Amino acid sequence: MKIRTWIIVALGALAISAIAAPVAQAREFEGEIVARNAEKKTFSIREDEGGGTFKVKVNKRTRFERIPGFGAIRVGRTDLEVIALKFNGRWIAQVVEVRGGSGRDD
C-alpha cells in the first residue's frame, strides 16, 4: 500500500511540475523594422547578421524607453532593440527601446 501511495504522490508532483514549467522564453532582437500593422499592434524585425525575421506583438504591458510609443516604430527603422517573451507561440514585446538604452553609463 505504501508503494502505491508513493507512486500517486510522485505522479502528482510530476504533473504539477509540468504545469508550472516556464511557458515564456526571453529573447533580445536588434535589426531593421520591415513591417508594421497598427490595427493588430504588431511589427516584424529582421535581425542583424541574417538572424531571421520575427513578428512581435505590443500590448499594454510593453515598456517603451527613449521612444514615445508604438507609433514611433516605423518600417526602415534600424536603431531599436526589443526584449520579448515567447508565449503560446507568439513573441510579446516586454521592452522596446533605442539601441544602447540599457541604462548603463558606458
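Helices (H or I, at least four residues) and strands (E, at least two) are taken here as DSSP runs, numbered from the N terminus. On that basis the protein chain holds one helix and six strands. Read from the N terminus on, the elements follow the order α-β-β-β-β-β-β.

The structure is a predicted model, in which local features need pLDDT of at least 70 and side-chain atom pairs count only at pLDDT 80 or more, while totals for chains, interfaces and linings use all residues. Residues are numbered from 1 along each chain as its sequence is written, and side-chain values use heavy atoms, with hydrogens and water left out.

Some totals for the chain come next. Of the 106 residues in the protein chain, 27% are buried, where buried means under 20% relative accessible area, exposed over 50%, and partly exposed in between (1.4 Å probe, protein chains only). The accessible surface of the protein chain comes to about 7500 Å², and carbon and sulfur atoms hold 55% of that area. These areas come from the Shrake-Rupley method with a 1.4 Å probe, and for residues only the protein chains shown count as cover. A contact means heavy atoms within 4.5 Å. Among contacts between residues at least 6 apart in sequence, 52% join residues at least 24 apart.

Strand β2 covers residues 42–47, and Thr42 lies in it. Thr42 has a relative accessible area of 4% and is therefore buried. Not counting residues up to four places away in sequence, Thr42 touches Arg36, Asn37, Lys55, Val56, Lys57, Phe70 and Arg90. For one of these, Lys57, the C-alpha atom is separated from that of Thr42 by 4.3 Å, although the two residues are 15 residues apart along the chain.

Lys41 sits in the loop between β1 (25–37) and β2. Its phi is near 55°, a positive value in a residue other than glycine. Lys41 counts as partly exposed because its relative accessible area is 40%. Glu49 belongs to the loop between β2 and β3 (53–57). Phi of Glu49 is also positive, near 60°, again in a residue other than glycine. With a relative accessible area of 81%, Glu49 is exposed.

The aromatic side chains are the remaining topic. Rings of Phe, Tyr and Trp (its six-membered ring) pair if their centres lie within 6.5 Å; planes under 30 degrees apart count as stacked, over 60 as edge-to-face and the rest as tilted. A search of the whole structure finds three aromatic pairs. In one of them, the rings of Phe29 and Phe54 have centres 4.8 Å apart and planes at 45°, so this pair is tilted. It links distant parts of the chain, with Phe29 in strand β1 and Phe54 in strand β3, 25 residues apart. Phe29 is buried, at a relative accessible area of 0%, and Phe54 is buried at 18%.

Phe54 also pairs with Trp91: the ring centres are 6.5 Å apart and the planes stand at 90°, so the pair is edge-to-face. This pair too links distant parts of the chain, from Phe54 in strand β3 to Trp91 in strand β6 (residues 90–98), 37 residues apart. Trp91 has a relative accessible area of 9% and so is buried. Together, Phe29, Phe54 and Trp91 form one aromatic cluster.
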